[in-house]
Amino acid sequence: GLQWIGKHRRPRFITPLIKAKKVRNLETEAENQYWLSCPYMTKKQAYRHDDKKCTCIKAVKNAEERAKFPDHGYASEYLKHLHVTKKWADEYL
């Protein structure tokens, strides 16, 4: 079986390198917590601060989506190339 997991696993020994890595990770986490605890903007300033940017991005995205579709038109406009000759109309009159 696997020696590092399970009920009868082999214990890992703590080496100075493992200890140093763990300390470094904890220091990085503490620094991140510090910077997250004191934000640049207040809650009032942060509320909808990028509203104009979001609306511009949405407008551009909508324009790109609409550009993919063909222009609106009637079915008769798309099928008018079929009316080259109307022999069937002349025969039954």
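Accessible areas here come from the Shrake-Rupley method with a 1.4 Å probe, and for residues only the protein chains shown count as cover.

**Entry 1: ground rules.** I am working with a predicted model, where local features need pLDDT of at least 70, side-chain atom pairs count only at pLDDT 80 or more, and totals for chains, interfaces and linings use all residues. Residues are numbered from 1 along each chain as its sequence is written, and side-chain values use heavy atoms, with hydrogens and water left out.

**Entry 2: the whole chain.** The chain exposes about 10400 Å², and carbon and sulfur atoms supply 60% of it. I then checked burial (buried means under 20% relative accessible area, exposed over 50%, partly exposed in between, with a 1.4 Å probe and protein chains only). Of the 93 residues, 0% count as buried. For elements I used DSSP runs, numbered from the N terminus (helices: H or I, at least four residues; strands: E, at least two). I found five helices and zero strands.

**Entry 3: the segment before α1.** I found a nonpolar surface patch of Leu-2, Trp-4 and Ile-5, with about 340 Å² of accessible area together. Patches take residues with over 30% relative accessible area and no salt bridge; nonpolar side chains (Val, Leu, Ile, Met, Phe, Trp, Tyr) are joined within 5 Å, like charges within 9 Å. Leu-2 lies before α1 (16–37) and is exposed at 65%. Trp-4 also has Arg-12 over its face, at 4.5 Å from the ring centre. That contact requires NZ of Lys or CZ of Arg within 6 Å of the ring centre and within 35 degrees of the ring normal.

**Entry 4: aromatic pairs.** I searched the whole structure and found one. Rings of Phe, Tyr and Trp (its six-membered ring) pair if their centres lie within 6.5 Å; planes under 30 degrees apart are stacked, over 60 edge-to-face, the rest tilted. Tyr-34 is partly exposed at 49%, and Trp-35 is exposed at 54%.

**Entry 5: salt bridges.** I found two, each a side-chain nitrogen of Lys or Arg within 4 Å of a carboxyl oxygen of Asp or Glu. Arg-48 bridges to Asp-51, with the closest N and O atoms 2.8 Å apart. Arg-48 sits in the loop between α2 (43–46) and α3 (51–68). Its phi is near 55°, a positive value. Most residues other than glycine have a negative phi. Lys-68 bridges to Glu-65 at 3.6 Å between the closest N and O atoms. Lys-68 and Glu-65 are separated by about one helical turn because they are three residues apart in helix α3.
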